[in-house]
Amino acid sequence: PVSVYDGDTLVVTSNGFNDETTMDRSGLPKSAALVLTERYRLINGGKQLELNFTVDDKTWYTKPWTARMVYDRNETNQLLNEYVCTDKNPEATRK
């Protein structure tokens with residue numbers, strides 16, 4: 001992945017995926033051609049984290065598409081679990 005800042009936004013661009021998994025648990029397809037661009041920024045005075053991501057995979061989709069997610073800040077100092085999508089992770093393999 002390549003990470004850069006664009007003003008107040010962290011931009012992460014990832015490629016080098018394989019076609020042995022899906023993008024999510026519902027089975028949304030992806031291929032080795034996938035380029036994923038994620039844009040993270042704080043909004044609402046830092047109370048929320050906004051993620052806009054663009055999926056560009058010419059094997060499966062006729063044009064790039066973008067989705068938006070907003071996360072509320074967790075004030076309890078709860079730790080987030082790391083999720084790594086690898087061949088060794090049984091939840092990440094295509095069924």
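E50 and R68 meet in a salt bridge, with 2.6 Å between the closest N and O atoms. A salt bridge here means a side-chain nitrogen of Lys or Arg within 4 Å of a carboxyl oxygen of Asp or Glu. This pair links distant parts of the chain: E50 sits in strand β4 (residues 48–56) and R68 in strand β5 (residues 65–72), 18 residues apart. Strands are DSSP runs of E with at least two residues, helices are runs of H or I with at least four, and both are numbered from the N terminus.

Before going on, keep in mind that this is a predicted model: local features need pLDDT of at least 70 and side-chain atom pairs count only at pLDDT 80 or more, while totals for chains, interfaces and linings use all residues. Residues are numbered from 1 along each chain as its sequence is written, and side-chain values use heavy atoms, leaving out hydrogens and water.

The cut-offs are under 20% for buried, over 50% for exposed and partly exposed in between (1.4 Å probe, protein chains only).

How many salt bridges does a search of the whole structure find? The count is four. One of them joins R39 to D6, where the closest N and O atoms are 3.1 Å apart. R39 belongs to strand β3 (residues 35–43) and D6 to strand β1 (residues 2–6), so this bridge ties together parts that are 33 residues apart in sequence. R39 counts as partly exposed at 31% relative accessibility, and D6 also falls in the partly exposed class, at 45%.

Then there is D56 with K58, whose side chains form a salt bridge at 3.1 Å from N to O. D56 is partly exposed, with a relative accessible area of 22%, while K58 is exposed at 68%. Elsewhere, salt bridges with shared partners bring R41, E50 and R68 into one network.

Now for the rings. The whole structure holds two aromatic pairs. In one, the ring centres of F53 and W65 are 6.1 Å apart and the planes stand at 70 degrees, so this is an edge-to-face pair. (Rings of Phe, Tyr and Trp, the last by its six-membered ring, pair if their centres lie within 6.5 Å; planes under 30 degrees apart are stacked, over 60 edge-to-face and the rest tilted.) F53 lies in strand β4 and W65 in strand β5, so the pair ties together parts that are twelve residues apart in sequence. Y61 and W65 have ring centres 5.9 Å apart and planes at 75 degrees, so they too are edge-to-face. Put together, F53, Y61 and W65 make one aromatic cluster.

Here is how open each ring of that cluster is:

| Residue | Relative accessible area | Class |
|---|---|---|
| F53 | 18% | buried |
| Y61 | 18% | buried |
| W65 | 26% | partly exposed |

On the surface, L42, L49, M69 and Y71 form a nonpolar patch, with about 340 Å² of accessible area together. M69 has its place in strand β5 and is partly exposed, at 37% relative accessible area. Patches take residues with over 30% relative accessible area and no salt bridge, joining like charges within 9 Å and nonpolar side chains (Val, Leu, Ile, Met, Phe, Trp, Tyr) within 5 Å. The areas come from the Shrake-Rupley method with a 1.4 Å probe, and for residues only the protein chains shown count as cover.

So what do the strands build? Five strands form an open, antiparallel sheet, in the order β1-β2-β3-β4-β5. β1 and β5 are the edge strands, each pairing on one side only. Neighbouring strands of the sheet are turned against each other by 20 degrees on average, direction ignored. Axes are lines fitted to C-alpha atoms (for helices over the stretch in contact), and angles run from 0 to 180 degrees between N-to-C directions.

Two strands pair if DSSP finds at least two bridges between them. β1 and β2, which run antiparallel, are joined by five bridges. V4 stands opposite V11, which is in β2.

Finally, a look at a loop. E20 lies between β2 (9–14) and β3 and is partly exposed, with a relative accessible area of 48%. E20 and A32 are twelve residues apart in sequence, with 8.7 Å between their C-alpha atoms.
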